Amino acid sequence: MIDIKTPKDHIILVPMDFSDSSINAVYYAVEMANLFDSEITLLHVISKSTLSSLFINDSEVALLRDKVRKKLEDIKTEILEKWPKVSVNTLVSEGKPFKVINKIAMDSKCDTIVMGTNGANGIEQFTGSTTSRVIKSSTIPVIAVKEKKTEPRFDKIVLPIDLTKTSKQKIDWAVKMGIKYNSTIHILMELEKDELIEKKVKANLHQAESIFEKNGVKFESHLLDDRSYPDHLGKDTIKYAEEINADLIMIMTKSETGKLADLFVGSYAEQIVNSSQKTPVMCINPKPTGAKTTGGSGFY
């Protein structure tokens, strides 16, 4: 069985720029915190480059900090009015947003980052670039939430799996989410023309199925054929997720080799995050090949 952390171990970091997508991310984080009995930290990072471009003095910077802190506290108040049992912290910091986000996540021992994928103007500074940098460098899963308002639930989770060992590391997280949310995991794998490769694909599929069965998690298995799903796994995953109105897509951010070409930029992972119009995407950076996954799923 896969272990689920005790409630006190769960801290969700929510970087905010007050854009629609970051507000939407708060709803997802609150839903998760409510179910997992987690803490939430609402974070806004004031970029030093933005401060220098505004040519403001120290007193004006202090006023800006106070303004940001007040906005975060207002959001905290709204959360506590609806979900009084959720523990919410607020934090204002300065620096390069993606570096500050990852440092705070590490220092605070957060286990998940939930953030929007689009930014706006003025004090709303986070952009798709910041989100992708956080995803690339984060040592913990990042859930990228879209601007379009969606119901914060995880009933249907799409789990694309390839032949790499690191792809299987997603299964621990899928089991944890599946148990807590009573989700149905939709396992996706591409059918291959090569007989040997297809045999390996089906073997991996059966292995994944056995882990979900062992942990009592509902699942459906889908081998995607070229006629209905003619593109690569990234586009096919998006197509399938839209067809079933999925609530979450779980992906790895790079392959097991760790080479520069395999990193998030240019990969099918980036295409999934950018192309998904409304489905949140949970991005997981793989541990080194040969390391055991957190829940000890038995793949290694």
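## Salt bridges in the predicted model

A salt bridge is a side-chain nitrogen of Lys or Arg within 4 Å of a carboxyl oxygen of Asp or Glu. The structure described here is a predicted model, and a search of the whole structure finds six salt bridges. Side chains of opposite charge can pair when their charged atoms come close.

One of the six joins D74 and K70. The N to O distance between their side chains is 3.0 Å, so the pair meets the 4 Å limit. Both residues belong to helix α3, which covers residues 58–82. D74 and K70 are four residues apart, about one turn of the helix. D74 has a relative accessible area of 35% and is partly exposed; K70 is also partly exposed, with a value of 49%.

R153 takes part in a salt bridge with D155, in which the closest N and O atoms are 3.2 Å apart. R153 also forms a salt bridge with D247, where the closest N and O atoms are 3.6 Å apart. The pair of D247 and R153 links distant parts of the chain, 94 residues apart. R153 is in the loop between β5 (142–145) and β6 (156–160), while D247 is in the loop between α8 and β9.

R153 is partly exposed at 35% relative accessibility, and D155 is partly exposed with a relative accessible area of 37%. D247 has a relative accessible area of 7% and is classed as buried, because buried means under 20%.

D247 lies in the loop that runs between α8 (233–243) and β9 (248–252). Its side chain also has polar contacts with backbone atoms. A polar atom of the D247 side chain is 2.9 Å from the backbone nitrogen of D155. The D247 side chain also reaches the backbone nitrogen of K156, at 2.8 Å.

## H44 in strand β2

H44 is part of strand β2, which spans residues 39–46. With a relative accessibility of 1%, H44 counts as buried, because the limit for that class is under 20%. The side chain of H44 reaches the backbone oxygen of M16 at a distance of 2.7 Å.

E192, D194, E195 and D226 form a negative surface patch. One of these residues, E195, lies in helix α7, which covers residues 195–214. E195 has a relative accessible area of 71% and is therefore exposed, as the class requires over 50%.

S228 is located in the loop between β8 (218–224) and α8. S228 is partly exposed, with a relative accessible area of 35%. S228 and Y240 are twelve residues apart along the chain, and their C-alpha atoms are separated by 9.9 Å.

Terms used:
Residues numbered from 1 in each chain as written. Predicted model: local features only at pLDDT ≥ 70, side-chain atom pairs only at ≥ 80, totals over all residues. Heavy atoms only, no water. Patch = residues over 30% accessible without salt bridge, like charges linked within 9 Å, V, L, I, M, F, W, Y side chains within 5 Å. Areas by Shrake-Rupley, 256 points an atom, 1.4 Å probe, with all protein chains shown as cover. Lys, Arg positive; Asp, Glu negative; His and termini not counted. Charge placed at Lys NZ, Arg CZ, Asp CG, Glu CD. Helix = DSSP H or I, 4+ residues; strand = E, 2+ residues; numbered from the N terminus. Buried < 20%, exposed > 50% of the residue type's maximum accessible area, 1.4 Å probe, protein only. Polar contact = N/O pair within 3.5 Å; in protein donor to acceptor, adjacent residues only side chain to side chain.
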